[in-house]
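Please open the structure in a viewer and display it as a cartoon. The stops below are meant to be selected one after another.

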Amino acid sequence: KDVSTSQKRIAVLFSGGPAPGGHNVIAGLKKVLGHHQLLGIKSGPKGLLAGDFKQLSDSDCQNVFNLGGFDLLGSDRTKIKTEEQINKVRQVIKTHQIDGLVIIGGDDSNTNAAFLAEYLYKEGCHVIGVPKTIDGDLQAGELLPISFGFDTATKVYSEMVGNILQDTPSSQKYWHFVKLMGRSASHVTLEVALNTHPH
């Protein structure tokens with residue numbers, strides 16, 4: 001069987017919270033896969049366990065290109081870690097004849113992807129984790145200096161903080177505190193501070 005011409009079935013899902021660029025990953029996959037099938041898994045890992053797949057067309061992907069959110073497929077935060085869940089995923093992969101699984105998610109989701117890669121290897125299914133998080137806490141030196149989502153989030157936050165810095169000097173008797181997302185790593189806060197130089 002000629003691997004270069006035989007049609008592969010690749011499935012993709014979102015996991016965790018939305019981040020700018022998620023839809024572009026799917027659009028890019030669709031373009032790169034050419035004649036191979038791209039299947040979207042609805043509702044994230046929960047949809048994978050349920051076998052909730054849908055064929056993704058060129059127009060599906062074009063309609064969400066450069067749009068935020070994860071609404072093309074939806075997402076959730078189900079952790080796949082029990083033996084029962086792993087066996088269920090294994091069965092779903094066999095039933096739907098999936099050759100590759102792409103998981104777009106943050107640190108927890110990529111840990112899931114790593115475990116699933118081991119469990120599904122014998123089934124002939126390759127698993128790829130795509131690091132997605134605005135927190136900036138998924139890094140691997142020059143190979144992955146930052147995850148997608150971080151750049152957009154910090155630019156938006158920096159614009160807001162910059163506006164506050166511009167407006168607040170007129171109210172001389174108040175202190176203003178800005179609380180930002182970013183979990184314990186605080187990369188978001190540091191990047192916004194470097195961009196805006198607050199007092």
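The tour begins with the whole chain, goes on to the sheet and the helix pairs, and ends with single residues.

**Before selecting anything**

This is a predicted model, in which local features need pLDDT of at least 70 and side-chain atom pairs count only at pLDDT 80 or more, while totals for chains, interfaces and linings use all residues. Residues are numbered from 1 along each chain as its sequence is written, and side-chain values use heavy atoms, with hydrogens and water left out.

**Stop 1: the whole chain**

Colour the chain by secondary structure; seven helices and five strands are present. Helices (H or I, at least four residues) and strands (E, at least two) are DSSP runs, numbered from the N terminus. Followed from the N terminus, the elements come in the order β-α-β-α-β-α-α-β-α-β-α-α. Along the principal axes, the C-alpha atoms fill a box of roughly 70 × 35 × 30 Å.

Of the 199 residues in the chain, 41% are buried. Buried means under 20% relative accessible area, exposed over 50%, and partly exposed in between, with a 1.4 Å probe and protein chains only. Among the contacts in the chain with a separation of 6 or more, 72% are between residues 24 or more positions apart; a contact means heavy atoms within 4.5 Å.

**Stop 2: the sheet**

Select the strands next. They form an open sheet of five strands in the order β3-β2-β1-β4-β5, with mixed pairing. Two strands pair if DSSP finds at least two bridges between them. At the edges stand β3 (53-55) and β5 (126-131), each with a single partner strand, so one side of each has no neighbour in the sheet. From one strand to the next, the twist averages 25°.

**Stop 3: strand β4**

Now select residues 100-105, which are strand β4. How many of the six residues of β4 are buried? Six of the six are, so β4 is largely enclosed by the rest of the structure. In a regular strand, side chains alternate between the two faces of the sheet. In β4, both faces are covered, with G100, V102 and I104 buried on one side and L101, I103 and G105 buried on the other.

Show the neighbours of this strand as well. Strand β1 (residues 9-14) pairs with β4 in the parallel sense over five bridges, and the bridge partner of V12 in β4 is V102. Strands β4 and β5 also run parallel and are joined by six bridges. Within that pairing, G100 has H126 as its bridge partner in β5, and I103 stands opposite G129. Helix α5 packs on the sheet, where it touches β4 and β5, and its direction makes about 170° with that of β5.

**Stop 4: helices α4 and α5**

Two packed helices are described by the angle between their axes and the distance between the axes. Select residues 83-95 (α4) and 107-120 (α5): these helices pack at an angle of about 60°, with their axes 11 Å apart. Axes are lines fitted to C-alpha atoms, for helices over the stretch in contact, and angles run from 0 to 180 degrees between N-to-C directions. The angle makes α4 oblique to α5; angles under 35 degrees count as roughly parallel, over 145 as roughly antiparallel, 65 to 115 as roughly perpendicular and the rest as oblique.

Show side chains for the contact, made by I86, V89, R90 and I93 of α4 with L116, Y119 and L120 of α5.

**Stop 5: helices α6 and α7**

Move to residues 150-167 (α6) and 187-196 (α7), which pack at an angle of about 50° with their axes 9 Å apart. These two helices are therefore oblique to each other. Their contact includes F150, Y157 and L165 of α6 and V188, E191 and N195 of α7.

**Stop 6**

Select I134 in the loop between β5 and α6. Is this residue buried or exposed? I134 is buried, with a relative accessible area of 15%. Leaving aside neighbours within four places in sequence, its contacts include A19, P20, F150, Y157 and V188.

Next, select N66 in the loop between α3 (58-64) and α4. N66 has a positive phi of about 65° although it is not a glycine, and it counts as exposed at 55% relative accessibility.

Finish at H197, in the segment after α7. Its phi is near 50°, a positive value in a residue other than glycine, and H197 is exposed, with a relative accessible area of 60%.
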